[in-house]
Amino acid sequence: MSALFRLTNRAVALQRSLVANQAAVVRAINTSPKKDETITAPTSLTTEDFANPSPKNWQSYGFDYKDQVEDRKATKSTFFVTVTLCLVWGSFYWAYLPDTQFRNWAQREGFLELRRRELAGVDLVSPNYVDPASITLPSDEDLGDTEIII
């Protein structure tokens, strides 16, 4: 019985915390009109007013802070140069660059040398590639209990 009582108390506490958290998340909606949204309509509109609208809330892109037309031109030309010329054409150019480090040539020469050695019946890699006299190996006393894996 006491376990049931504790369970119902926990359930009630859980419901209270959920309601409190939900109340904190829900925000009130303000429906009052804002100052910037309420304007008086002009009494007479002409076609010139529609052809030349005034930029009331214009924000600059950072290229020209005084002239909207120059700011737009500078923005569009900058994005054209960076995206089209640098990213697109630059990636195309980089992808089709010639092999400047001769990787293809080195691989082709390696295959030709292997083929020549196979036909001649010589070892593919010479066991004396490095002169054995130039190699100094440690003595058994220097190695001690070191495990040597061959």
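Modeller: Here is the run-through, starting with the ground rules.

Modeller: This is a predicted model, so local features need pLDDT of at least 70, side-chain atom pairs count only at pLDDT 80 or more, and totals for chains, interfaces and linings use all residues. Residues are numbered from 1 along each chain as its sequence is written, and side-chain values use heavy atoms, with hydrogens and water left out.

Colleague: How many helices and strands does the protein have?

Modeller: Five helices and zero strands. The order from the N terminus is α-α-α-α-α. Helices (H or I, at least four residues) and strands (E, at least two) are DSSP runs, numbered from the N terminus.

Colleague: What share of the residues is buried?

Modeller: Of the 150 residues, 1% count as buried. Buried is under 20% relative accessible area, exposed is over 50%, and partly exposed is in between (1.4 Å probe, protein chains only).

Colleague: And what is the accessible surface of the protein?

Modeller: About 15000 Å², with 60% of that belonging to carbon and sulfur atoms. Areas come from the Shrake-Rupley method with a 1.4 Å probe; for residues, only the protein chains shown count as cover.

Colleague: Take α3. What does α3 reach from its first C-alpha to its last?

Modeller: Helix α3 covers residues 68-95, 28 residues in total, and reaches 39 Å. That is close to the 40 Å expected at 1.5 Å a residue. The expected span is 1.5 Å times one less than the number of residues.

Colleague: Where does α3 bend?

Modeller: At W89, by about 25 degrees. The bend is the angle between axes fitted to the seven residues ending there and the seven starting there.

Colleague: What sits at the start of α3?

Modeller: D67. One of its side-chain oxygens comes within 3.5 Å of the backbone nitrogen of V69.

Colleague: Switching to the surface. Which residues make the nonpolar patch?

Modeller: F79, F80, V81, V83, L85, L87, V88, W89, F92 and Y96, giving about 1100 Å². Patch members have over 30% relative accessible area and no salt bridge; like charges are joined within 9 Å, nonpolar side chains (Val, Leu, Ile, Met, Phe, Trp, Tyr) within 5 Å.

Colleague: Where is Y96, and is Y96 buried or exposed?

Modeller: Y96 is in the loop between α3 and α4. Y96 is exposed, at 63% relative accessible area.

Colleague: What about α4 itself?

Modeller: α4 has 18 residues and reaches 26 Å, close to the 26 Å expected. G121 follows α4, with a positive phi near 80 degrees.

Colleague: Now the charges. How many salt bridges are in the whole structure?

Modeller: Three. A salt bridge is a side-chain nitrogen of Lys or Arg within 4 Å of a carboxyl oxygen of Asp or Glu.

Colleague: Which residue does E70 meet?

Modeller: K73, at 3.4 Å, N to O. E70 is partly exposed, at 36%.

Colleague: How far apart in the helix are E113 and R117?

Modeller: Four residues, about one turn. E113 and R116 are three residues apart, also about one turn.

Definitions and conventions. A polar contact is a pair of N or O atoms within 3.5 Å; within protein, one must be able to donate a hydrogen and the other to accept it, and residues adjacent in sequence count only if both atoms are side-chain atoms.
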